[in-house]
Amino acid sequence: MKRFLVVVAAAIGCASAPPGDSGRGTPEAEGVSSGAILSFLDAADRIDAMNSVMILRHGRVIAEGWWAPYDAGSNHELYSLSKSFTSTAVGLAIAEGKLTLDDEVLKFFPEDAPADPPANLKAMRVRDLLTMSAGHQDETSSAANKITAKSFLAHPVPHKPGTHFKYNTPATFMLSAIVQKVTGQTVLEYLRPRLFEPLGITQPVWNANAQGISLGGYGLRVRTEDIARFGQLYLQRGKWQGKQLLPEAWVDLATSRQVSNGSNPKSDWDQGYGFQFWRCRHGAYRGDGAFGQYCIVLPEQDAVIAITSGLKDMQAVLNLAWEKLLPGFQKGALPEDPALAAQLKSRLASLKVRTVEGDAKAVTKKVVFPANDRKLESIVLAPGEAVFRVNGQDRAVAFGHREWMKGKASFEAYVDEPAAASGAWAKEDTFVLKQCFTETPFILTTTLRFTGGDVSCAMETNVGFGATTRQPLTGKTE
């Protein structure tokens, strides 16, 4: 079941001080139409997959919103957006003279190297890891309980490094491992005083492998505003509140097109790749993570867009940014429109992931299941609560009716993680419970259909790295 739900998550946020040097402002004062932002929100609501959005122009936050039950203060899993932070650690370590772009990867791990390293492995350099051109045809496992430097170096390297683009999460793990080798600190520890603390990123969490090495390619959780701050730092070419935190030369290298990765002019995945940053259309670049975790930097517009979401189609939300937001960016300030500004403010404050629609019945039902691989023994439904008995333990889920009730996850892979639930009788014979795991993009929907004494229990997640549905269980009422 853990494979079904996928236990790696996405990004949410807010911090106490403003992201840039200039605080918060109105869209029109910064040359952006409130109508364009409202148009973006309308389209995003139709997708019903957004978790948060924050838009900056000229260093000021001009719009910010979280789709309840997501909120400004909670971390959110970044997935591969973590890679851009790992790249930043490499840039800082290079600036401190601890390594170079042209260092051979094997140099750092002589104890983990194969007995007779092939020529392509010997030729692999730090630069090749950064540009996803390490020479692999496929990836070795990046799972936290499997990835090590030794497993990476043992993987076949059929292509000459630097000649073949292959998106490769283990390559980013190796960058994290290299930083740890040369600094004696995990990437999380190394970045804390150099990046996180100066930017006001106060509660970063980064998962590690069994050896205590930050996963690098994924596993970082921060808040939405933290993502925005990170993007603003890059937009300002490494300068933050008068201090040069990151060398300008590194920012320019990392965010420029280092390798080609396709030719489709309509795809934001075919515009070239830098040092763990993707080039975008419209002169932009981004860090991104699975299911739509975005840090989009638009130098031509002097803007940053931070987004967290649970999307099956990641291109869809980028298309919305280009089609709805981009036309609203103007060179100079726009006339203030108090009515439109009030409408936008109200809209941003009322964003919500769709709850379960239906009735709240004052009934109690118990469903018992035969032995199954999920170890789900029974579900007891009562007004405002569902109690799952799993492997001999009762786990209660309190749910709201047409609203989200926050608590802790009590079922499946997210036990004890922050969560919120909504439930209702969608039909006379059908109860639906949605559990939103609020530091991730995942929403688990459990549907119970009652037919006489038989009950079908179906479970589905909104997104996943594999199948999002499983074979329904059949139980009986007691």
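1. Serine 52 is buried, because its relative accessibility is 0% and buried means under 20%. The model is predicted, so this value is computed from predicted coordinates. Serine 52 sits in strand β1.

2. Which side chains does the side chain of serine 52 contact? Another goes to the side chain of threonine 308, at 2.6 Å.

3. In β11, Val304, Ala306 and Thr308 point one way. Ala303, Ile305, Ile307 and Ser309 point the other way. Both sets are buried.

4. How many bridges join β1 and β11? Strand β1, residues 50-57, pairs with β11 over seven bridges, in the antiparallel sense. Within this pairing, methionine 50 has serine 309 of β11 as its bridge partner.

5. Strand β10, residues 293-298, also pairs with β11. The sense is antiparallel, over five bridges. Here tyrosine 294 stands opposite isoleucine 307 of β11.

6. Strands β10 and β11 form a hairpin with four residues between them. In this hairpin, aspartate 302 takes a positive phi near 50°.

7. To recap: β11 pairs with β1 and with β10. Serine 52 of β1 makes a side-chain polar contact with threonine 308, a buried residue of β11.

Notes:
Residues are numbered from 1 along each chain as its sequence is written. This is a predicted model: local features need pLDDT of at least 70, side-chain atom pairs count only at pLDDT 80 or more; totals for chains, interfaces and linings use all residues. Side-chain values use heavy atoms; hydrogens and water are left out. Buried means under 20% relative accessible area, exposed over 50%, partly exposed in between (1.4 Å probe, protein chains only). Helices (H or I, at least four residues) and strands (E, at least two) are DSSP runs, numbered from the N terminus. Two strands pair if DSSP finds at least two bridges between them. A polar contact is a pair of N or O atoms within 3.5 Å; within protein, one must be able to donate a hydrogen and the other to accept it, and residues adjacent in sequence count only if both atoms are side-chain atoms.
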